[in-house]
Amino acid sequence: MTGDDLARLLDEGAVTLLDVRSPGEFAGEAGYPCDPRQGHIEGAVNLPLDDLYYGVEAALEGIDETRPFVTYCHSGQRSEIAAALLRSAGFEAENYEGSWHEWSRRA
């Protein structure tokens, strides 16, 4: 999935976006110096990858499960694991490979 694909899906309200980074990364208090800005994609829900390891259903409590999931992290690695865990639990999930590293460069 490209950044443009994700932007379109978000505009349409067609997906639930999961940021699987740490709470500090999500809040913009931590991150990587290679990114021009810190924070998260507007509309994303912070669900750290570690939470998914302890049980997908429990981790998703309170999160909209009616739409397909798109996951992202910093570089697409953690989010691919998260998408795989979601798919193995029977959910439709796709990884945004460019993740925050790419999105943080969007105007």
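Start with the largest nonpolar core, which has 16 residues; a core here is a set of buried Ala, Val, Leu, Ile, Met, Phe, Trp, Tyr and Cys residues joined through side-chain atoms within 4.5 Å. Buried means under 20% relative accessible area, exposed over 50%, partly exposed in between (1.4 Å probe, protein chains only). Select L18, L47, L52, L60, F69 and L86, the residues with the most contacts inside this core. Helices α3 (49-53), α4 (56-59) and α5 (77-88) each supply at least two of its residues, and α5 gives the largest share, 3 residues. Helices (H or I, at least four residues) and strands (E, at least two) are DSSP runs, numbered from the N terminus.

Before you click on, note that this is a predicted model, where local features need pLDDT of at least 70, side-chain atom pairs count only at pLDDT 80 or more, and totals for chains, interfaces and linings use all residues. Residues are numbered from 1 along each chain as its sequence is written, and side-chain values use heavy atoms, with hydrogens and water left out.

Next, pick L52. Leaving out residues up to four places away in sequence, L52 touches L47, A59, A82, L85 and L86 (contact means heavy atoms within 4.5 Å). A second, separate core of 13 residues includes F26, V70, Y96 and W100.

Now colour α5. Its buried residues are S79, A82, A83 and L86. They sit on the same side of α5 because they cover an arc of only 100° around the axis, taken from the directions from the helix axis to the C-beta atoms. Turn to the other side of α5 and you'll find Q77 and S88 exposed. Cover for the buried residues comes from elements including β1, α3, α4 and β3. Just after α5, look at G90, which has a positive phi of about 95°.

Move on to β1 (16-19). T16 and L18 on one side, and L17 and D19 on the other, are all buried. β1 pairs with β3 (residues 69-72) in the parallel sense over 4 bridges (strands pair if DSSP finds at least two bridges between them), and L17 stands opposite V70.

Last stop: R21, in the loop between β1 and α2 (23-27). Is R21 buried or exposed? R21 counts as buried, because its relative accessibility is 1%. Its side chain reaches the backbone oxygen of G39 at 2.5 Å. Beyond its neighbours within four places in sequence, R21 is in contact with residues including F26, Y72 and W100.

Technical notes
A polar contact is a pair of N or O atoms within 3.5 Å; within protein, one must be able to donate a hydrogen and the other to accept it, and residues adjacent in sequence count only if both atoms are side-chain atoms.
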